[in-house]
Amino acid sequence: MRQQERALRTRARIVRAAALEMDRRGYEGARLSRVSQAADASMGAVTFHFPTKKALAEAVREEGAASAAAVVDRTLSAGASRLRAVVDLTVALASLLEQDVAARAAARVAREQPDVMEQWSGSWLPAVLDLLGRARAEGQLRPEHRPETLAALVVYLLAGAESEIRTGGGAPAGGAGSVAGRLEQIWRLVLRGAAAGDF
């Protein structure tokens, strides 16, 4: 049992180190030797848990996607109106990208390896589309606005947020000038023209 716990801790350290490496250098630039050093694990331990860099990248993507799915669950359980939930989800995902290296690495790796990795957006975009479809059906959106168009806006906003976070823009996560805070302001501007009523 103790050996199994030790193996799980080693695996978690390796995934964390890989997330840092892939966040900084991307999939192509990531090196297993640096992951091994950062995780304080031998190359044998790294390759025991992850025989290929692709397998390690998939573990990072899965961890980031799980974090995003948890954000979706929390947002949906908050009970806000459909349109407000889309805003809250966008802001919460931007905050996740600011704070969680695995989420950032997952977004980057999926963007750089679209033919290999499932898109990071797959963990949250279906919920956004569902919320927007229901918002339209419930009269929260003007009839001329298509849910798919606003969902594309969410994708673009989060891609921009990731880019700004990666280049060091904005204040610390959660602060007034944080990327997540600016997304909230952007949504207010957008919804003044898109919302049919209170959201």
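This is a predicted model: local features need pLDDT of at least 70, side-chain atom pairs count only at pLDDT 80 or more; totals for chains, interfaces and linings use all residues.
Read from the N terminus, the elements follow the order α-α-α-α-α-α-α-α-α. The C-alpha trace spans about 60 × 35 × 30 Å along its principal axes, and of the 199 residues in the chain, 43% are buried. Where contacts between residues at least 6 apart in sequence are considered, 70% of them join residues at least 24 apart.

The packing of helix H1 against helix H6 was examined in detail. Two packed helices are described by the angle between their axes together with the distance between those axes. For H1, which covers residues 2–29, and H6, which covers residues 101–112, the axes come within 8 Å and cross at roughly 35 degrees, and the crossing in which H1 passes H6 is left-handed. On the H1 side the contact is made by Arg16, Ala19, Leu20, Met22, Asp23, Arg24, Arg25, Gly26, Tyr27 and Glu28, while H6 contributes Val101, Ala102, Arg104, Ala105, Arg108, Val109 and Glu112. Sorted by class, the residues in this contact comprise 8 nonpolar, 1 polar and 8 charged. Tyr27, one of the H1 residues in the contact with H6, also takes part in a charge–ring arrangement, in that the charged end of Lys53 sits over the Tyr27 ring at 4.8 Å from its centre.

Val15 likewise lies in helix H1, and Val15 counts as buried because its relative accessibility is 4%, under the 20% cut-off. When neighbours within four places in sequence are left aside, the residues in contact with Val15 are Phe50, Leu56, Ala59, Val60 and Glu63. With regard to Glu58, which is 43 residues from Val15 along the chain, the C-alpha atoms of the two residues are separated by 9.7 Å.

Aromatic pairing was considered next, and the count for the model comes to 1 aromatic pair. This pair is formed by Trp120 and Trp124 in an edge-to-face arrangement, with 5.7 Å from centre to centre and 70 degrees between the planes.

Conventions
Residues are numbered from 1 along each chain as its sequence is written. Side-chain values use heavy atoms; hydrogens and water are left out. Rings of Phe, Tyr and Trp (its six-membered ring) pair if their centres lie within 6.5 Å; planes under 30 degrees apart count as stacked, over 60 as edge-to-face and the rest as tilted. A charge sits over a ring if NZ of Lys or CZ of Arg is within 6 Å of the ring centre and within 35 degrees of the ring normal. Axes are lines fitted to C-alpha atoms, for helices over the stretch in contact, and angles run from 0 to 180 degrees between N-to-C directions. Helices (H or I, at least four residues) and strands (E, at least two) are DSSP runs, numbered from the N terminus. A crossing is left-handed if the near helix is turned anticlockwise from the far one by less than a right angle, and right-handed if clockwise. Contact means heavy atoms within 4.5 Å. Ala, Val, Leu, Ile, Met, Phe, Trp, Tyr, Cys and Pro count as nonpolar, Asp, Glu, Lys and Arg as charged, and the others, Gly among them, as polar. Buried means under 20% relative accessible area, exposed over 50%, partly exposed in between (1.4 Å probe, protein chains only).
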